[in-house]
Structures are given as C-alpha cells and as structure tokens.
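Work through the exercises below with the structure open beside you. Try each task before you read its solution.

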Amino acid sequence: METLLERIQQGHFWDFPGGIHPPTRKELTSQHPIAEVPLPPVLYVPIKQHIGTIGQILVSKGEHVKKGQALTNGLNHLDVAVHAPTSGVVQEIKEHISAHPSALPELCICIQPDGLDEWREREPWADYLNYSKEQLLRRLQLNGVAGLGGAGFPTHIKSATNAEIEFLIINAVECEPYITADDLLMQEYPEAIIQGIEILQHMTGAKHVLIGIEDDKPLAVTAIKAAVGVERGFHVCELPTQYPSGGEKQLVQILTGREVPKGGIPADIGIVMQNVGTAYAVSRAIVADQPLIHRVVTMTGESIHQPKNVWALLGTPVSHLLDHVDFRPGLNQRLIMGGPMMGFTLPSPDVPITKISNCILAPSNQELPPESPEMPCIRCGECAIVCPATLLPQQLQWYAKAKDYEKLESYNLADCIECGACSYVCPSDIPLVQYYRVAKAEIKTQQQEKQKAEQAKLRFEARKARLERDKQERLEKQRKASEARQSTSEDSNKIEAAISRVKESATDKVAAAIARAKAKRQPTEDESPDNSEVIAAREARKQQARDYKESKQTGTEPESSPTDKKAAVAAAIARAKAKKAKLAEQSEATEQSKDNSSENASEQDDRKAKIAAAIARAKAKKAQQEDAESLGEENVEPKSNATDDKKAKVAAAIERAKTKKAAKEAEANAQGEAETQASDLSPEEERKAKIAAAVARAKAKKAQKDNDQGKN
Amino acid sequence: MTIIYALIALGVLALVFGAVLGFAAVRFKVEADPLVEQIDAILPQTQCGQCGYPGCRPYAEAIANGDEINKCPPGGESTIKELANLMGVEPKPLDDAHGQEDVKKVAYIREDECIGCTKCIHACPVDAIVGATRQMHTIIIDECTGCDLCVDPCPVDCIDMVPLKPKAESWKWDLESIPVKVVE
Amino acid sequence: MTFKIASSPHLHIRRSTHDIMQLVILACIPGILVQAFFFGWGNLVHIAIAIVTALMAEALILHLRSRPIKPVLMDFSALLTAVLIGTSVPTFAPWWITVIGTGFAILVVKQLYGGLGFNLFNPAMAGYVLLLISFPVEMTAWLPPQSIVHHQVNIGDAFAAIFTGYTLDGYSVAQLRTTIDGMTMATPLDTLKTGFTLGLTSDEITTNPVFGSWYALGWEWVNLAYLAGGLFLLKMNVIRWQIPIATLGSLFLMGLLGYMILPDSSAGPLFHMLTGATMLGAFFIATDPVSASTTNLGRLIYGAFIGLMVFVIRTWGGYPDAFAFAVLLANMCVPLIDYYTRPRTYGYSQGSSS
C-alpha cells in the first residue's frame, strides 16, 4: 500500500464522483499575453468585496487619495480593507450597482483618477520569512487580500488556522470553461506565485504543498515547475481536465482522497486551500506592500472580437474594459461575470470589477444558445450521474418545485455546490440550479425568521415576567402606603397625602405616584353619564398635575438618588395612565363613550389591559377628531400652566402632552414661531429649541388632525 | 345454545381486544406537544396584538379553544395555511378587521425628534427599544418584530414603520426582479 | 439595447429528450427488421397503426388538457411507446388490438397520470398487459417462423389478415399458425410451458420444430438484433449499463440455478436469454427512465428484480412470457427502491445518509 505522499508523487490521483467535460474554449485567450488597459474615467470601488464585515470608511468626498491608500480600515477580525486603485479624487460615496447576481446597489467609493498613478508610501518586506505569523496576517488584512477564487473569503482568516495543517493546496485548476486568468498569471508571474505560496506555507505551517493544475494548461505547468525548482519540494500535480475539479471539496478529494466532513472546513482534515491568484496577491501584499487593487480578468466570448486577459483595476466598470476588446453586442446579448457554468449575467455594463471577478464572458447566441423552454423531467438520472456531491438532483427539483423544504433538507440540498453540472446534462433543459438557489434562499429566510420568532418569544416572556415582578413590588409598596396612610391623619384627600409623603422622603415618591395614578383612575372608574362629575374629575386632574409639578420642584434633587430613577419610571407609568384616563374622558364627552368606559372600567394593570388601552386610544383619537370642536374650549387653560421649569424634562414632557391636547392652539403662526426658534440655535439654547420643536410638532400633529377633520 | 356460545365468544373477543387496545394506548402513548405549544410555534411571535389578544400565546390559547385562525396579519396566508393544516380546518382568507398582510417592516425612531418620554419603551412587547427618561431612544432593528405598537403612544410622532431594505445576502434569486438597464 | 438576464449554467449539452427518444427508436430498427424477416410483415403494420393511434391520442388529450401539442409530440416519447407496443403484439393480431393497447397506454397510463415524466408505469407495458388480460386468445396467437409454416404470407396478406382476419388467399390466422406437418404452432416459450404441463421433459419438448437447431428458431436472431441495438444505446450513453446487466444477469443466474437443480423441467439459461422478449425487455423496456429507478444501486436492484420475476413467471406463472408483468411489478417498487438506495452525499460519513 503506497502512502498518500507516494501516490501524489507518482501522480496517482483519486477521482470524484460525477463530473462533466464541457468544451473548454480556453484557446480563445490562453495564447495572448495579459494586456494593460488605460485608466477609466471613474472607478467605483465597492467597500465590500469579500465575505465578512465592512470596515469603516476612512475618506470623505472631495478628498485626494493616493494609489494604494486604504479607503476602509480593517479593525474587526472579519473586515478586509479596500484601497484606492489609483491616485485621484473621491468624487462621491454613493450606492452603485453591485457585482452580485441580484445587482442590488451597494455602497461604492467613486474615485476620479488624476492620471498620475502616484503610490502611497510603501514598506517592502523582502525578508518576509523573518516576520511573525501575526504580522503577516495583519498586513494581509490591511492590504485587503481576500480569496480571488470566487467566494472572496478573507485570506488572513483562512491562514490564521491553528489546526495542524498537513497539506497546503494551491488551486490552479481553473476548471471553468473559457477562463484563463489563472493560466496567464502562472505563465507570466510564476516566481511571485511561488513566493506567495512560501508565505502561505510559512503562515499555516503546512508540511506539504500541492499545486493542482489541469493538464490543459501545459505552459502554466512548465512555468510553475521551473519556478518551483527542486529544493522547495512543492508538488505540482497535473490533473485530468474535468469540471468541476476546481471546486474546493472536489480538489481535496482528487488530491488526497479525503472528504471535507459535512458542515466542516478543509482545516478539519488538515488541509488549507488557496487560489493561485490569491498566492500572487499575498506575495504582492507582503513583499511589495502593494494592496490588492487590480486583478487579471479574462475578456472572452464570441461577441468580443479581441478576446484576451487584461489587468483590471478593482472598481473599473465592465463597460470600460469592453471598450478595449472590440465588443460588438448581438441581439439579446448576455454579459456574464464569471464562467459559463457558474457565472451570473449582468443587467448593466456599469457593474464594477471586484476582487472575485475573474472573467467577463460575452457569448454569441450560437456558442451559448439561450435557455430553451423547460420540459418535464423524464427521470433519466443523468444529473445524478454527473453530480460531484452525489446528490439526487431529479428528486431535489421535484421537491423544490413543490416547495417541500423538509424533504429538500433530508435530501441534503445544503450540500449542493451549485456547479451546474446537472443543468448542463439535463435533456429537458430544466434550470435545476436556479430551483435549488431559490429553495436554498427560502430555507435560509425561513430559518432566520423562525429563529427571530423564537427570540421574540423569549424576550416577550422575559418582559412579561419582569412586568409581573414589578407589579408585585408595586402592590407591596401600595399596601405599605395604605398602612402608612391609615396611621397618619384622617385626611381623606389622597392627593394631599401623596404630596406630603413625597415631601417627606424620596423612596415614598414611587408610592405617591401610584397613589396619584389611582387618584387619576378614580374618576374614570366611577364614570357615569353625568356631566358634572366629569368636569369635577377633570378639575381634580388639573389640580393634581399642578401639584405634581410642585412636588417635582420641591422634591429631592433629581438624578442624585438611585430611587429617583424608579420614581421617574413610576411617574412615566403614571403619565401613561393619565393619558389613558384622559382619552377615556375625552371620549366620554362624546356620544360614543359607552364601550370605552366599560372597557376602561374592566382594566387591570397587566399587559392585556395595555392592549385594550391601545385599542381604546385608537378609538378615542378618532372620537377626538370628530369632536375636537367641543373639546377645544376646555383645553385652552392647561396651556397657560406651562411654567418656566426648563431643567426638568419630565415637566416639559407633561407640557407637551398638554400641548398635544390643545387642539385649537395649533395655529399656523405658532408653528412658524417654533420654527424660527429652532432655526437660530445657539449652543446654550439648543435644548430649549428642541423642546420648542417638539411642541411645534405636537401642535402640528393636532392641527393636521383638525384639518383632516375639517375635510371630513 | 349455539347463539349463547356465539355471544360468549364474541363477548370474550371484545374484552380481549378492548384490553389489548387499552394497554396499547397507555403503553405506546405518543407524547406530542400540547396543542397550544404547537399553535404558538406557528405564530410569528410579533406580539403585535392585532388579533385582539395581548400577544401570540394568548391568541394560540384562543385558537385552541376554538377561535378563528385568520386573525394574524403579520403571519399572513402562510401562517393561516399552517394553522389550518394543524387544526384540520379549511384555510380562510385573512380577516380584514384585524389588518392587512404587509411587507415586513421595522420601527424606526427619528432620533433628533425624540424627546425621551419612554412611552414607546413601555409599549414595546419585546423590549427592542433602548433609551431612558429624557434620553434619546433607539430601536434595535434585529429585535424589532414590526408590531407597530410603539407608533401610537409616541407624543411627537417620531416613529415610522419602514420596510426592510433588500440585501444581497438575503436575496431570493428572483431574476425577474432585476431592473435591466437600457443602454444606447 | 438591453442585456439579457439568465440563470447559470449558460452552457448546455446539446442532447434533448427528443434526441434520446429518437436514438432509442433507431436502435429498435434492427430488431424490428429481423422480426419482420422471420415472422412476416405484420409487426410493421402494427407499428404503423400504433404510431397513428399514439399521435392522435396524445394530440387529443393534450388539446383537452389545454397543453401545447407540438412540443410534446415532438419529444417522440409517444412514438417510442407506439413502436414498443407494435413490436410486442402478435404478428397477425387484429388491428383493434393495437389501437386499444396504444390508446390505453397514452390516454390512461401516460396522460392521466400527468404526461411524460409523471407516469408511474411504463405505458407500453401497461397497455400490453391490458391486452394480454382482456384478449388472451388474440394476444397469444403468435406465428411460428416463416420457414416452417405452411402458408407463406406477403405484405398484402399481412394487411388483409390484420384488418379482416383472413389473408388474401382466404386463410384464417389460425390456419396460418399450422406448420407443414399440420400442427398448430405457438412460441417456444408457450410450447415449453404446455409441454411441462403435459409432463414432458425439456429434452423431449425441444425436439419440436419451433425450437430449431439452437434455442428458439427465429427468436434467437430477433433477440440478438435487439441486443445489438441495446449495445448501441449503451455506447451512446442513452441508457446506463446497470438495468440491462442486472436484468440479464439475474435471469441468467436463475436459469442456471433452475437448470442445475431440475434439468428436466427447466430450459437452460441461454434459452431464457434468447427467447421471448428478453433482449427487447432488458434494453428497451426496463430502461424506460420515467418508470425506472434513478439511483445506481437502485437500478441494479430494479433490474435484478425484473430478471427474477421474469424467471418466476415464465417457470411457474400462467403466462408464457413475463416481461410486461415483471416490469410493472418493478415499477411499483421504484419509489421504495429509490428511497432506500440514496447515495451517500459528499462529506457524510457512511451510514448517516441524512
């Protein structure tokens, strides 16, 4: 039995199940050297070009940036910085169509090149092997290196693995038809690539390096073999051409015969895989301190009359590249970013090149005929034969069409790598991969929603428990308070008693608030159609409000004692109840008071009551609109109660609440006044102005309601 | 006589089978979630109260006790279908009296207008609003269920319900929805 | 101008359902011609009747179901069903046999289940079984090979016999079945079965002229021709090896076992290989993708089950040949087979399939 390494040395590789042999058509571009294109008029640099989080934007509009200057930082572990691809001026920071299948707009930094192409200061590390792993990783992150293979996974995270790595696999397979970007890169920059591989090996501590290249790239193989030399001991593995041997999982299987366990990463079985383009970028970033600002892009397809590979600055609009390769669009022209198997169509040529764009394919309708109408599945099973993940695509499409997500999961839909081999062979032209993508996205959303609902439930229950606890505490205090009340004077006036208690001690404030609240509720609970009682109740409430303010002013220092906060909360509760009472009262004044009063009468302190209150509020508001006329007169008075207490925001809130009530006061000139006040803000008066603004808004709200009512 | 034998035989058989069935019912009892739990798991947990009950669980209890299944606008048609499936009844269209099914929204506080009254905090059923008295409040978007309950209590109307912005990560591969740009 | 939006992959193999069906029909041709050579032109007439019936029935039901007619007719699946039924019915069976069989296959078995891709059963075989059960006399009236029958029939006789029951010379189909010796003849399988019931040994039975010098006069060549067609399909990757190999393998094995245990009351394995519908069934009928299993292991099981059932029914059943029954029985097992033969997905450890 030969060992794994012996097998690899002798070129005896494994095979993965399935796979297809589509025409590769790489000869269109593989013979031409990588070309340079002139600077585009404007660059749209998306701030997110990788998987992970976005760093903070470091530049602002109008700022001049140098080539390679960081546009976002990389503070978080998952951040990857982006850089100015050339020197120029930041024209705008705005949303621009993204290089994503959805084409949803994404935040881009638009840079207008100044043509000087002036570099920022760089600090080359020629002796890169003398730097620590941490230093190297940090530099990779700051220089914006992310996987150039397709997913854009941050390289510094992949390389930071602490697992014991046996194999570092360099993926130079490039199995996708048409694309020759890696091929050309290997032909032209083999030394830099080898340097990058050395750095990657240094960081991951891999024992062996395997470079996997398909045998349809003889020039690249020769170049890499020559650059590797003999003493390094890297294994250059020539693999038979087969799609999708460049898939991460498939390449692991071909080279080592191992399988990445379900839901795991290659590091779990001692393997790290990097794309050959990433190796090049690593070498540039570490050795030359040159951030990832450009990449090789294959411009190919029969609608492009000078197909070739170009060096494209990240952020270059595709249209600019097309201008330099003699692009002649046909009818129903498709513009594909990526290869013909996994690439996605672009709705517009304005899409910018990003770190993961390796190819722009503009096929004629003869070479890649447009999709034909879908026919029924005849269960021929060809898709299952070619599936590299050994799934059963014909069953999956059946369940995907039926939206049977449970079945889809049991048939391991999540393990589909979306390589497109099944759709490629399907005689019925079923867009299988599209069905899977839709189903996957739907499953993901459902899972997220389920999770969110679960979380909401937990939070709701936690809140309910808290409210219940508070209520118990409140009842306890109330009981104490009533005991205390009995022990003091015979004064039956609850309000007076409450005020006096507030003056006595800060802790009693809460109880006082509750007492007040009770007092407020009293009139509504005893409601009867008799109008005089309502007026009396209102009177009492006004009195109480004044007293409350008084107590506030004369009470203990706000924000000093811990109990004050509690008191504030209680006060807020009291206010809420006051509002409830008020609304009930207002509606009482109308003819539709019956159901309101009965609802209010049955109210309790728990959550249920609040919901009911919300309904009552809604009804009351409606009633209020209809009857604003009659209410207006009574509401003039409270307005004058607005005192000069400006420090206490609570008081201000009360004022506003009253103002809100004051329907008739919301005159246009009042609003104008508030606005002028708000406009000439001086730092000291800011607060004042804010309050005024709030008042004005409240007034406006009322006014609008009146207007609405007027229209009615 | 034969009739009596027949009757005795049948009676014995009935007893034996009854005993076997009874034993099986006890021995192989399947412990399913109580109905209320199952219903509650289907409901969207927005706790919005649009159904007329103070939260999702109370509504789940009401459904278990025979209330209609079509009172949940946030859950919409899919929830009604699932409930109908669970309860073994015909799905019905959403009851308009409780609201319309809408795109998913979250509350958003215009922060410079907030006066710090804490009213919305008290209204929020899932404690998704952060803030203190006289301090600016803000909403934790990830926790907001879009229940709408905070909008009404706000005295200065600084809370808006805004639809969630589509994100590339949560895009559902609806190729038809991509706006195609017309170039020259 | 605008750019077109499409879903990946943008590259497709250029082989449609239409091409697959066409290749299968082409591969049938050698077998059909050899059959015509040995047993008279009747099967060509039946194929023609079946094709007309199938296309008309399909067009009619598609019209009733308000489905597009042309693309469905152009997928050639109805054509293939018609060809298979046409070759399966006895050479001079009356015309309405084919019409009923084909109509049932297309209207009920295929379209009422939802059309191509949704049928649980192989339409041709379900149609054939309906005929076999409903019209046993007509359906077993196979002619012996032309070389040993009394009356030679030409193409005109074939037409006349199929549409009127009598040849141009006025012979009935029953008369056509008599040999030069004046004996009424049946197929080798039928003869064997009758012989066994009479208590004869296989050696005695095979002296009957229908067995010829090898295994079954005429039938052996028909089977070899279908085998050639089947190998062509394998070469073209239209069918995969699992089902034919498993079918033939299990039939061969069972024949061998039977011959070793009871040599007197069973025919040898090669007899099973080269008589009746063996090759047609193994390469053209069992491999119908819609009603067969779709996993590799499942296909082996499916094929082996068919082979086993063919042997069992041929040996102990009431009917001389058994492919139609065996295929239908296997069709019924397909969902179960598919469920339990799901391949191990990449990255899953052996044994935990989900």
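**Exercise 1.** How many residues of chain A are in contact with how many residues of chain C?

*Solution.* Start with the ground rules. This is a predicted model, where local features need pLDDT of at least 70, side-chain atom pairs count only at pLDDT 80 or more, and totals for chains, interfaces and linings use all residues. Residues are numbered from 1 along each chain as its sequence is written, chains are lettered from A and ligands numbered from 1 in the order in which they are written, and side-chain values use heavy atoms, with hydrogens and water left out.

Step 1: contact means heavy atoms within 4.5 Å.
Step 2: by this rule, 70 residues of chain A touch 45 residues of chain C.

**Exercise 2.** State the area buried between chain A and chain C.

*Solution.* Step 1: buried area is the accessible area (1.4 Å probe) that two parts lose on being put together, summed over both.
Step 1: for chain A and chain C this is about 4700 Å².
Step 2: carbon and sulfur atoms give 56% of that area.

**Exercise 3.** Find the salt bridges and polar contacts between chain A and chain C.

*Solution.* Step 1: a salt bridge is a side-chain nitrogen of Lys or Arg within 4 Å of a carboxyl oxygen of Asp or Glu. The rule finds three across this interface.
Step 1: C:R344 forms a salt bridge with A:E259. Their closest N and O atoms are 2.8 Å apart.
Step 2: a polar contact is a pair of N or O atoms within 3.5 Å; within protein, one must be able to donate a hydrogen and the other to accept it, and residues adjacent in sequence count only if both atoms are side-chain atoms. Between chain A and chain C, 29 residue pairs are in polar contact, both residues at pLDDT 80 or more.

**Exercise 4.** Describe chain B by its secondary structure and its burial.

*Solution.* Step 1: helices (H or I, at least four residues) and strands (E, at least two) are DSSP runs, numbered from the N terminus.
Step 1: chain B has five helices and four strands. Along the sequence they read α-α-α-α-β-α-β-β-β.
Step 2: buried means under 20% relative accessible area, exposed over 50%, partly exposed in between (1.4 Å probe, protein chains only). Of the 184 residues of chain B, 41% are buried.
Step 3: Chain A has 25 helices and 14 strands, and 54% of its 712 residues are buried.
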